[in-house]
Amino acid sequence: MNPATKPTEIDQPAAHLRLVSDRAGGAASGITLSGVSKTYRSRDGDVPSLRPLDFHINEGEFFVVVGPSGCGKSTLLKMISGLLAPSTGEILVEGEQVTKPHGNVGIVFQNALLLPWRNILSNVMLPIDMKKLPRDEYLPRAKALLKLVGLEGFEKKLPWQLSGGMQQRASICRALVHDPKIMLMDEPFGALDAMTREKMNVELMRIQRETGKTVLLITHSIPEAVFLADRVLVMTERPGAIAAIYDVPLPRPRSLDAMADPAFTELVQRIRKHFFTQSALD
Amino acid sequence: MAELKRESGVSKALNAAWVRPFLFLLFIVVMWDVTIRLFQIPAYQIPAPGDVVAVLRTDWPELLRQAWPTTYATICGFLLSAVFGIPVAMLIAGSKTVESYVYPLLVFSQSVPKIAIAPLFVVWFGFGIIPKVISAFLLGFFPVVVSAVQGFKSVDPDMVDLARAMQGSRFQVFRAVNLPHAMPAIFSGLKVSVTLAVVGAVVGEFVGSNSGIGYVMQRSIGTFDLPTMFAALVILALLGVVLFWIVDRIERFVIPWHVSQREDIVFAS
């Protein structure tokens with residue numbers, strides 16, 4: 001994507017955030033990993049973190065990776081964003097090989113990581129400043145995004161004046177403001193309390209539906225993974241490899257009631273078995 | 001009713017931030033005076049507070065005139081430690097190689113007593129302002145570096161990754177993330193540095209100078225003129241307080257967002 005493209009118009013409240021792709025499906029869109037592995041070098045020799053991975057994430061798909069701690073999930077995310085080079089194999093994002101940070105992703109970490117000296121609006125505008133995009137053009141978009149996540153009226157507040165859940169919403173806006181095709185989320189709600197977390201999951205699904213972004217989300221929680229995902233990738237222990245990929249048969253849009261669906265519990269059970277046979281999930 | 005109001009007014013005045021240290025100071029001065037009278041300590045050992053105040057009043061213009069070179073040397077030394085200290089800290093925090101070469105040596109150099117080497121600067125640079133500035137700089141430099149290094153290093157690596165993933169250049173990321181993050185630590189270093197710079201300037205004046213508060217102290221000790229010496233000490237303390245206060249004000253202005261400044265921000269939720 002050309003970073004200089006103008007942001008989509010903002011006349012219609014929902015449609016302006018939707019990203020209509022000119023390419024439909026196939027390897028040219030979404031994320032493709034072929035033979036991607038990562039080995040860290042340390043003083044005690046090479047430490048394999050990820051065994052070669054092959055998978056494809058479709059455009060507009062909600063793809064969730066679930067796995068035990070230290071299975072290289074975060075490494076995977078850093079490689080897709082271009083922060084870390086894979087030891088072998090190649091990663092294609094929107095048909096282009098990733099060699100350096102490409103800016104076609106928005107990242108959300110476990111901590112909101114808002115800059116304490118910037119107010120909420122200017123935190124959301126950080127990617128625009130970093131990419132040197134025209135501020136005036138993206139300012140309405142930033143405001144519209146804040147409205148979308150229910151933070152209207154908090155633009156001038158400093159981060160510490162907001163609750164953890166609200167901060168995380170702001171960081172989701174920051175990940176979306178430059179209109180990337182892909183959102184990468186590394187345990188985005190891991191630091192929130194259980195109730196806020198459920199609420200944020202429903203919110204996130206709504207945001208994803210309204211913006212049409214491709215989402216790669218990493219989590220520890222199997223129910224969360226099944227609830228959110230179109231497909232769930234289950235990873236093995238370190239060094240990480242693909243244990244299985246499941247399609248989630250639940251219809252969309254989903255409400256929290258979906259968690260009572262027999263198909264939901266059945267899939268959660270099946271995924272959980274992976275970890276019990278491995279006997280390590282924390 | 002009126003009684004109650006007046007009382008709350010008095011307690012309000014007592015609670016004002018600047019009144020408390022002032023009251024405590026008054027208490028110390030009174031105890032000082034009482035002790036001297038009680039134990040009949042001769043004036044050539046410890047002067048009475050009254051005598052010191054008398055000197056301050058009569059010699060005020062002269063003391064003020066002598067305070068000027070000291071202030072000048074202090075400020076120059078302090079600014080130099082900020083101007084050199086912060087970039088050096090950036091290099092140390094930014095590069096493991098630089099850190100491994102420079103940092104241990106810096107700590108080592110810190111254990112060399114400045115007073116012992118101050119005469120060297122007189123030998124090298126004469127009796128002018130330069131030896132004082134260098135001495136102030138040497139004392140003020142280290143705290144700035146140590147604090148700033150700590151500030152630069154304590155940035156969350158995820159935050160830096162995030163900014164890098166937004167395709168920020170190294171410089172952009174530094175300016176938007178690392179530098180503001182380090183500001184509180186830098187300022188705490190600057191506050192220590194500015195008070196030490198006063199000490200440094202006076203040390204410089206001790207070893208070789210014919211002007212400044214340090215020179216006044218040196219001379220008055222020579223003639224057992226203790227009231228003058230104490231008056232000079234008061235001037236020095238005032239100088240330190242005023243400079244500290246100025247840095248503190250600048251800090252409030254530069255980093256109003258920081259936790260330590262939050263009482264100023266009005267909650268509106």
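Okay, let's start with chain B: among its contacts with a separation of 6 or more, 77% are between residues 24 or more positions apart. By contact I mean that the C-beta atoms of two residues, placed from the backbone, lie within 7 Å. Before I go on, this is a predicted model, where local features need pLDDT of at least 70 and side-chain atom pairs count only at pLDDT 80 or more, while totals for chains, interfaces and linings use all residues. Residues are numbered from 1 along each chain as its sequence is written, and chains are lettered from A and ligands numbered from 1 in the order in which they are written.

So what is chain B made of? Eleven helices and zero strands. Helices (H or I, at least four residues) and strands (E, at least two) are DSSP runs, numbered from the N terminus. As for burial, 33% of the 269 residues of chain B count as buried. Buried means 20 or more other C-beta atoms within 10 Å of a residue's own; exposed means 12 or fewer, partly exposed is in between, and the C-beta atoms are placed from the backbone.

Now over to chain A, which is divided into domain 1 (31-104 + 182-282) and domain 2 (114-179); the bounds come from an automatic or database domain assignment. The C-alpha centres of these two domains of chain A are 25 Å apart. Where they touch, domain 1 of chain A puts in twelve residues and domain 2 of chain A puts in ten. Which helix gives the most on the domain 1 side? That's helix H6 (residues 194-211) of chain A, with six residues.

Next, the sheet. Six strands of chain A form an open sheet, in the order S6-S7-S8-S3-S9-S10, with mixed pairing. Two strands pair if DSSP finds at least two bridges between them. At the edges sit strand S6 (105-108) and strand S10 (242-247) of chain A, each pairing on one side only. From one strand to the next, the twist averages 15 degrees. Axes here are lines fitted to C-alpha atoms, for helices over the stretch in contact, and angles run from 0 to 180 degrees between N-to-C directions.

Now follow S9(A). Four of its five residues are buried. Four bridges join S9(A) to S3(A), and those two run parallel. With S10(A) there are five bridges, and the pairing is antiparallel. S9(A) and S10(A) make a hairpin with six residues between them, and Leu233(A) stands opposite Ile245(A).

One residue ties this together: Val64(A), whose bridge partner in S9(A) is Val232(A). Leaving aside neighbours within four places in sequence, Val64(A) is also in contact with others, including Leu217(A), Ala225(A) and Leu228(A). In the largest nonpolar core, which has 80 residues, Val64(A), Ile80(A), Cys173(A) and Leu216(A) have the most contacts. Such a core is a set of buried Ala, Val, Leu, Ile, Met, Phe, Trp, Tyr and Cys residues joined through C-beta atoms within 7 Å. This core takes at least three residues from each of domain 1 and domain 2 of chain A. A second, separate core of 49 residues includes Phe78(B), Val88(B), Ile213(B) and Val216(B).

Last stop, the place where the chains meet. Here 21 residues of chain A are in contact with 17 residues of chain B. On the chain A side, H1, S6 and helix H3 (126-130) each supply at least two residues. Which of chain A's elements gives the most? H3(A), with four residues.
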